[in-house]
Amino acid sequence: LTAQAHLEALTLAGAAKHWPGGVRPDIAETIRRELRIIGERDLARYFLTIHDIVAWARAQDPPILCQGRGSAANSAVCYCLGITNVDPSQVS
């Protein structure tokens, strides 16, 4: 897989986990828009790297606190990847 395809697969798997009853259409559109922008700017490897770092940090004993900042804090892709804990469907 390309980095973009891998990021998209992880994002969709995370979305299915967070919203087992289905992703609301507005959130699905946000995910598509964010993935398109990430692809246009060739940033997939960056998001995959952060995903790996956060997964490693949270797997430590005791877990290392990780939280998104700035615009990443309410990113649907970051939420689906487990990078942030801010549910974009709850943000107004």
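A residue is called buried under 20% relative accessible area, exposed over 50%, and partly exposed in between (1.4 Å probe, protein chains only). The model is predicted: local features need pLDDT of at least 70, side-chain atom pairs count only at pLDDT 80 or more, and totals for chains, interfaces and linings use all residues. Residues are numbered from 1 along each chain as its sequence is written, and side-chain values use heavy atoms, with hydrogens and water left out.

The largest nonpolar core has 21 residues. Such a core is a set of buried Ala, Val, Leu, Ile, Met, Phe, Trp, Tyr and Cys residues joined through side-chain atoms within 4.5 Å. Two or more residues come from each of α1 (3-18), α2 (25-40), α3 (44-59) and α4 (76-81). Helices (H or I, at least four residues) are DSSP runs, numbered from the N terminus. Helix α4 gives the most, with six residues. Ile31 is among the residues with the most contacts inside the core. Beyond its neighbours within four places in sequence, Ile31 is in contact (heavy atoms within 4.5 Å) with Thr11, Ala15, Trp19, Val23, Ala76, Val77 and Cys80.

Two aromatic pairs were found in the whole structure. Rings of Phe, Tyr and Trp (its six-membered ring) pair if their centres lie within 6.5 Å; planes under 30 degrees apart count as stacked, over 60 as edge-to-face and the rest as tilted. Trp19 and Tyr79 have ring centres 5.5 Å apart and planes at 50°, so this pair is tilted. Trp19 lies in the loop between α1 and α2, Tyr79 in helix α4, 60 residues apart. Trp19 is buried at 12% relative accessibility. Tyr79, at 10%, is buried. The rings of Tyr46 and Phe47 have centres 5.6 Å apart and planes at 90°, so they are edge-to-face. Tyr46 is exposed at 51%, whereas Phe47 is buried at 13%.
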